[in-house]
Amino acid sequence: MSESTTRDERFARGLEVLGQVDGGTGPRVLDALADISPELGHQVVAWGFGEIYSRPQLPPRDRQLVTLGMLTALGGCEPQLEVHVNFSLNAGLTPEEIVEALLHSAGYCGFPKALNATLVARKVFAERGLLPVGQQPAPDTTSA
């Protein structure tokens, strides 16, 4: 984006980019903020998606992996994490890749945050009919 783009152009570009990954949920974010902070909704779309997310240096699936890690590390962002688990699936990540990224985060963020994030992912997967997620079987502890 050039610095000469207008506010409306950045917003329009942001809506276009958001539409590529949101699965139709983007307008709900704007609607939820309409009566309290429409400017925040505008900035999420214009800056977050029109300026940052649209940059070509990282493909959307990689941006979503970073976002999942950051939201997991922050904790307390479960509503946003739910949105981004959906975005991640729409951007081409598989449930297995999402689960692995959240498992990986346990070593850096701690088990409580990784567990919370994984339960959010479980909710999204259940809503989308993606459970159970294929995982390796537990090790056999009965053999000597």
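1. A residue counts as buried when its relative accessible area is under 20%, and as exposed when that area is over 50%. Tyr53 has a relative accessible area of 10%, so Tyr53 is buried. The model is a predicted one, and every value below is computed from it.

2. Overall make-up. The chain contains seven helices and zero strands, and from the N terminus on its elements read α-α-α-α-α-α-α. The C-alpha trace spans about 70 × 35 × 30 Å along its principal axes. Of the 144 residues, 31% count as buried. Among contacts between residues at least 6 apart in sequence, 67% join residues at least 24 apart.

3. Aromatic pairs. How many aromatic pairs does a search of the whole structure find? The search finds two. In one of them, the ring centres of Phe49 and Tyr53 are 5.1 Å apart and the planes meet at 40 degrees, so this pair is tilted. Phe49 is buried, with a relative accessible area of 9%.

4. The pair between helices. Phe49 also pairs with Phe87, and this pair is edge-to-face, at 6.1 Å centre to centre and 70 degrees between the planes. Phe49 lies in helix H3 and Phe87 in helix H5, so the pair ties together parts that are 38 residues apart in sequence. Phe87 has 3% relative accessibility and therefore counts as buried. Through these ring pairs Phe49, Tyr53 and Phe87 are linked into a cluster.

5. Gln20 lies in helix H1 (residues 7–21). Which is Gln20, buried or exposed? Gln20 has a relative accessible area of 52%, so it is exposed, whereas Phe87 is buried.

6. The largest nonpolar core. This core has 16 residues, and those that touch the most other members are Leu68, Leu81, Val85, Ile98, Ala121 and Phe125. At least two residues each come from helix H4 (60–74), helix H5 (78–90), helix H6 (95–109) and helix H7 (111–127). H7 gives the largest share, five residues. A second, separate core has seven residues, including Val17, Leu18, Val45 and Phe49. In soluble globular proteins, nonpolar side chains tend to be buried together.

7. Phe125 in detail. Leaving out residues up to four places away in sequence, Phe125 touches Val85, Leu89, Pro95, Ile98, Val99, Leu130, Leu131 and Val133. Of these, Val85 and Ile98 are also among the core residues that touch the most other members.

8. A cis peptide bond. The bond from Leu131 to Pro132 is cis, with omega near -5 degrees. Pro132 is in the segment after H7.

9. The cavity. The count comes to one cavity of 30 Å³ or more, and the largest cavity has a volume of about 50 Å³. Its lining consists of Leu71, Thr72, Gly75, Gly76, Cys77, Glu78, Leu81, Lys113, Asn116 and Ala117. The elements that contribute two or more residues to this lining are H4, H5 and H7, and the largest share, three residues, comes from H7. By class, the lining has four nonpolar, four polar and two charged residues. Leu81 is found in this lining and also in the largest nonpolar core.

10. Asp31 is in helix H2 (residues 26–33). With a relative accessible area of 58%, Asp31 is exposed. The C-alpha atoms of Asp31 and Gly41 are separated by 8.4 Å, the two residues being 10 apart along the chain.

Conventions:
Residues numbered from 1 in each chain as written. Predicted model: local features only at pLDDT ≥ 70, side-chain atom pairs only at ≥ 80, totals over all residues. Heavy atoms only, no water. Core = buried A, V, L, I, M, F, W, Y, C linked by side-chain atoms within 4.5 Å. Buried < 20%, exposed > 50% of the residue type's maximum accessible area, 1.4 Å probe, protein only. Helix = DSSP H or I, 4+ residues; strand = E, 2+ residues; numbered from the N terminus. Contact = heavy atoms within 4.5 Å. Phe/Tyr/Trp six-rings, centres within 6.5 Å; stacked < 30°, edge-to-face > 60°. 1 Å grid on protein atoms, 1.4 Å probe; cavity = no way out; pocket = protein on both sides within 12 Å on 5 of 7 lines; lining within 4 Å. Points joined across faces, edges and corners; volume = space filled by probe spheres on them. Nonpolar A, V, L, I, M, F, W, Y, C, P; charged D, E, K, R; others polar.
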